[in-house]
Amino acid sequence: MLDWIKNISKEHPEFWKDYLSKFENKPDKFIVLSTETSGLNPDKDVILSLGAFAVIDDGIEIKDNFESLLLQYKFLKDNGLSNEFIIESKMAKMEEHDAIEAFIKYIGNAVLVGHHINFDIEMLNSALERLDCGRLKNEALDVDMMYRKLTDINDKQFSLDELCDIYKIPKSDHNSSSEEAYKIALLFLKLKSRLGIK
Amino acid sequence: MNTITEQIADFLKEYPPFNNLTFQELSDISNNIRVLNLEKHAVLFQNNDPLHDSFYVVASGVINLTKIADAEETIINKCHEGDIFGLRPFFAKNNYMMTAKAREESIIYAIPIAVFRPFVANNSDVLNFLLENFAVNSRHTKDNVSTGSKSTSDNDFYIDQQSDMQYLQSLTYNNSPLKTEAHHIIRDVAILMTDSMVDNIVICENDQPIGIVTNSDLSSKIATGRYPITATIDKIMSSPVVTVIENVSLAEAQLLMLKNNVTHLCVTKDGTAKSAIKGIISEHDLIVAQASNPGVLIKEIKRSQLPKDLKQIRDRLSDLIQNSIQKNIPISHISNIASEINLAIIKRAVELSILDLGSPPARFAWLSIGSQGRKEQLLLTDQDSILIFEDVTPEKYRDVKDYFLRLAKRTTAVLEKVGYELCPNGHMASNMLWCKSLTDWTKQYNSWMNTPGENSNDLSSIFFDYEIVFGEPKIEEAIENVIFKNATNNTLFFDFLGNDALRKNAPLSFFKKFILEEEGPHKTKFDIKTRALMPLIDAARLLILNSNIKGIQNTYLRFKQLAIADSKNAEIYLSCAEAFLTLSKFRTIEGLKNDDSGQYINIKDMSKTDKEKLKNALLPMKDLEELIKSKFQLTQFS
């Protein structure tokens with residue numbers, strides 16, 4: 001509903017301006033990401049953790065990664081949820097605004113890749129809105145869509161587990177967002193070479 | 001630390017050389033890895049490509065390393081999960097000398113050389129591992145591959161094993177090298193070298209090597225007139241000497257020569273120049289050592305003209321087998337290689353006989369039966385064979401049969417000279433009964449299989465394990481078809497085989513004690529052949545015939561195949577497959593020790609753990625027996 005009018009009057013944070021300026025250049029890498037969320041509603045639910053890897057020239061760069069738990073104390077308290085898993089985890093922890101800011105700096109103008117990535121982007125956009133930023137401008141690729149394009153299947157969607165089975169990528173029991181991002185990255189490499197995407 | 005970094009480090013720490021590093025070090029390495037995906041047949045790098053800045057670890061899948069020689073692509077090695085390859089950038093500056101190609105879709109980790117180099121420099125175990133791996137993967141093993149491709153079974157490991165085998169071969173070298181001291185005159189030294197007929201001499205001081213003079217020093221420094229022949233020897237010696245420790249392996253020695261660009265290595269007590277000289281390894285020693293690799297043996301077999309040449313080669317095979325067993329190379333690989341060589345020897349024996357007798361008047365097939373037919377002959381056991389020739393017109397029959405009988409007699413005689421004893425039961429092609437036309441053989445199998453028991457004295461189960469050695473493969477196929485056609489729904493025949501398999505005496509008593517021979521020359525010994533191996537062999541044959549699976553003649557592989565075909569009982573079959581290997585190994589070791597067929601094992605001399613191992617290998621037989629009893633109603637003959 002005429003969101004952009006709302007945004008015109010507002011001053012964006014520095015990091016957002018920086019982010020926008022990066023789009024003057026062409027993207028030079030892919031960022032494969034996965035989010036773990038409290039639910040499926042972008043308006044009400046929040047991101048609990050973020051994991052991402054960069055893919056450059058057909059290889060996953062392990063060093064070029066992003067991994068963080070988001071400390072959603074307020075959300076958890078409001079919904080009466082336990083925060084034990086956050087305390088126990090060894091992963092880096094950040095407040096939502098810090099995490100999102102760091103993540104935006106990390107992705108830059110890269111092409112985003114995910115599994116049902118539109119949902120991840122919606123979740124990120126909601127979080128960005130809370131920080132007075134605009135919507136993500138990155139191009140995005142969805143591995144499910146890529147697979148369906150490759151196999152010419154239009155009438156069904158594939159879960160990440162199903163895709164992993166098809167390409168014999170080992171599944172693990174506990175799925176952190178980093179692990180999911182890594183699996184999506186492997187899938188992406190396989191689909192990328194089959195579809196001949198440069 | 002990132003979760004994935006940790007997982008990669010966890011993966012790496014299982015494999016050499018990474019198992020020499022701490023978890024923290026591995027995490028640092030993992031953090032710098034690039035993960036690549038290779039589709040089937042994708043090329044990672046190829047011959048003459050500029051070097052990459054990384055080396056590689058296979059995370060999943062299989063990568064073939066190949067070389068192109070004589071316009072033919074040959075596989076040097078196959079890298080499986082956890083194997084490293086592409087090490088050239090560590091040691092050399094020139095372009096890749098091989099091609100790395102995905103045999104199936106593979107995921108590999110690329111580890112930057114710059115990141116890994118410090119760990120190599122600080123850790124000699126890691127360095128040694130890389131050196132060895134580089135040496136093995138660089139060697140061109142064309143001969144081995146061509147023999148490997150003939151074997152139909154587990155090729156995947158075959159080639160790996162061969163290069164392992166080659167690599168592990170120990171070197172024999174001159175351990176009383178010529179020595180002199182620095183103040184001697186060059187001419188005297190040269191005379192000494194000529195008299196002793198060697199091309200090198202070590203210059204030492206207090207029995208420690210300080211330099212070496214070889215023929216090339218003499219030609220480049222004396223013959224050119226740079227030094228007078230009256231100068232002292234230390235003027236022209238090459239110094240320092242490259243020294244190695246005793247028991248150096250072939251690959252290591254080869255690598256050191258390449259690395260230091262020398263032709264001789266000095267063996268010293270502790271591997272440094274500051275200890276006593278033990279010997280000298282020359283390039284020639286390396287060539288000699290290479291000569292007993294399986295590929296070379298087969299080549300030599302093909303060239304040999306006399307039975308005594310073949311005998312010499314068979315003796316070298318025994319050495320090879322013994323070495324490999326000591327080095328713990330899996331018995332299934334050893335028997336694969338051994339049977340290829342045995343096959344080549346028998347084939348050559350037939351060829352030599354044909355050369356003597358002139359070309360055969362009809363097409364024929366020479367089949368090995370029994371253990372050689374099953375490719376399980378590690379020791380020199382007796383020879384079992386049959387000859388089948390194509391049908392000819394009745395008037396020619398006599399002449400043709402006569403020719404083949406003479407051929408068979410000659411061949412078995414040659415083989416006897418090589419060291420394969422004649423079969424005491426006369427199961428040889430030189431026997432009138434076992435050298436006949438295809439029609440006669442078809443009749444023979446028909447009568448054996450349809451009316452077993454009636455003439456059972458000449459039915460032996462070994463006729464159902466066969467492999468073509470020489471001649472027309474179509475004839476073997478024809479016989480195989482006869483057998484499988486007769487086997488279908490032939491309860492009588494399976495009853496007979498089943499009873500035959502179960503008739504063998506149990507290996508363990510009710511109280512799980514070994515049942516030993518009670519009388520005869522082998523009193524108090526354990527008859528591993530009849531009590532343990534034969535029941536497994538018989539059972540495997542019975543079951544494979546019953547499941548109508550063609551073309552698998554090896555007991556180990558038969559059990560493996562059965563586990564796939566009859567997955568309900570897979571566990572029993574797999575444990576039998578393992579048991580069979582363990583038992584064969586015991587038998588082979590015993591046989592090598594006593595230079596016999598290893599049929600009787602002296603239990604008293606065995607260590608406690610070996611006894612336990614042997615006992616455990618006998619346990620699956622009980623399950624197998626029950627399985628056979630429930631599968632076939634063994635009534636007619638029991």
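In chain A of this predicted model, residues 24 or more positions apart account for 65% of the contacts with a separation of 6 or more. Chain A holds nine helices and six strands, and 48% of its 198 residues count as buried. For chain B, 71% of the contacts between residues at least 6 apart in sequence join residues at least 24 apart. Chain B contains 23 helices and 20 strands. Of its 638 residues, 53% count as buried.

In chain A, Leu187(A) was examined as one of the residues of helix α9, which spans residues 177-195. Leu187(A) has a relative accessibility of 0% and, being under the 20% limit, therefore counts as buried. Apart from neighbours within four places in sequence, the contacts of Leu187(A) are Val143(A), Leu160(A), Leu163(A), Tyr167(A) and Ile169(A). Leu187(A) and Ile169(A) are 18 residues apart along the chain, and their C-alpha atoms are separated by 8.0 Å.

The largest nonpolar core comprises 111 residues, of which Phe364(B), Trp366(B), Phe404(B), Tyr445(B) and Leu624(B) touch the most other members. Helix α14 of chain B, residues 331-357, supplies the largest share of this core, with 14 residues. Because domain 3 (332-486) and domain 4 (491-631) of chain B both contribute residues, the core lies between these two domains. Another core, of 55 residues, lies apart from the largest one; among its members are Val113(A) and Ile169(A), together with Ile111(B) and Phe134(B).

Within the largest core, the surroundings of Tyr445(B) were examined. When residues up to four places away in sequence are not counted, Tyr445(B) touches Ile386(B), Phe463(B), Phe464(B), Ile479(B), Val482(B), Ile483(B) and Asn486(B).

Helix α14 of chain B also carries Asn342(B). With a relative accessibility of 0%, Asn342(B) counts as buried. Outside the four places on either side in sequence, Asn342(B) is in contact with Arg314(B), Leu317(B), Gln372(B), Gln377(B) and Tyr420(B).

Two helix pairs in chain B share helix α19, residues 528-546. In one pair, α19(B) packs with helix α18 (residues 491-503) at an angle of about 165°, the axes lying 9 Å apart. An angle over 145 degrees counts as roughly antiparallel, and α18(B) is therefore roughly antiparallel to α19(B). The crossing of α18(B) past α19(B) is left-handed. On the α18(B) side the contact is made by Phe493(B), Phe494(B), Leu497(B), Gly498(B), Asp500(B) and Ala501(B). The α19(B) side contributes Pro535(B), Asp538(B), Ala539(B), Leu542(B), Leu545(B) and Asn546(B).

In the other pair, α19(B) and helix α21 of chain B (residues 570-594) cross at roughly 140°, and their axes come within 10 Å. This crossing of α19(B) and α21(B) is likewise left-handed. From α19(B), the contact involves Ile528(B), Lys529(B), Ala532(B), Leu533(B), Leu536(B), Ile537(B) and Leu543(B). From α21(B), it involves Tyr573(B), Cys576(B), Phe580(B), Leu583(B), Ser584(B), Phe586(B) and Arg587(B).

How values were computed: Residues numbered from 1 in each chain as written. Chains lettered and ligands numbered in written order. Predicted model: local features only at pLDDT ≥ 70, side-chain atom pairs only at ≥ 80, totals over all residues. Heavy atoms only, no water. Core = buried A, V, L, I, M, F, W, Y, C linked by side-chain atoms within 4.5 Å. Buried < 20%, exposed > 50% of the residue type's maximum accessible area, 1.4 Å probe, protein only. Helix = DSSP H or I, 4+ residues; strand = E, 2+ residues; numbered from the N terminus. Domains from an automatic or database assignment. Contact = heavy atoms within 4.5 Å. Axes fitted to C-alpha atoms, helices over the stretch in contact; angles between N-to-C directions. Parallel < 35°, antiparallel > 145°, perpendicular 65-115°, else oblique. Left-handed = near helix turned anticlockwise from the far one by under 90°.
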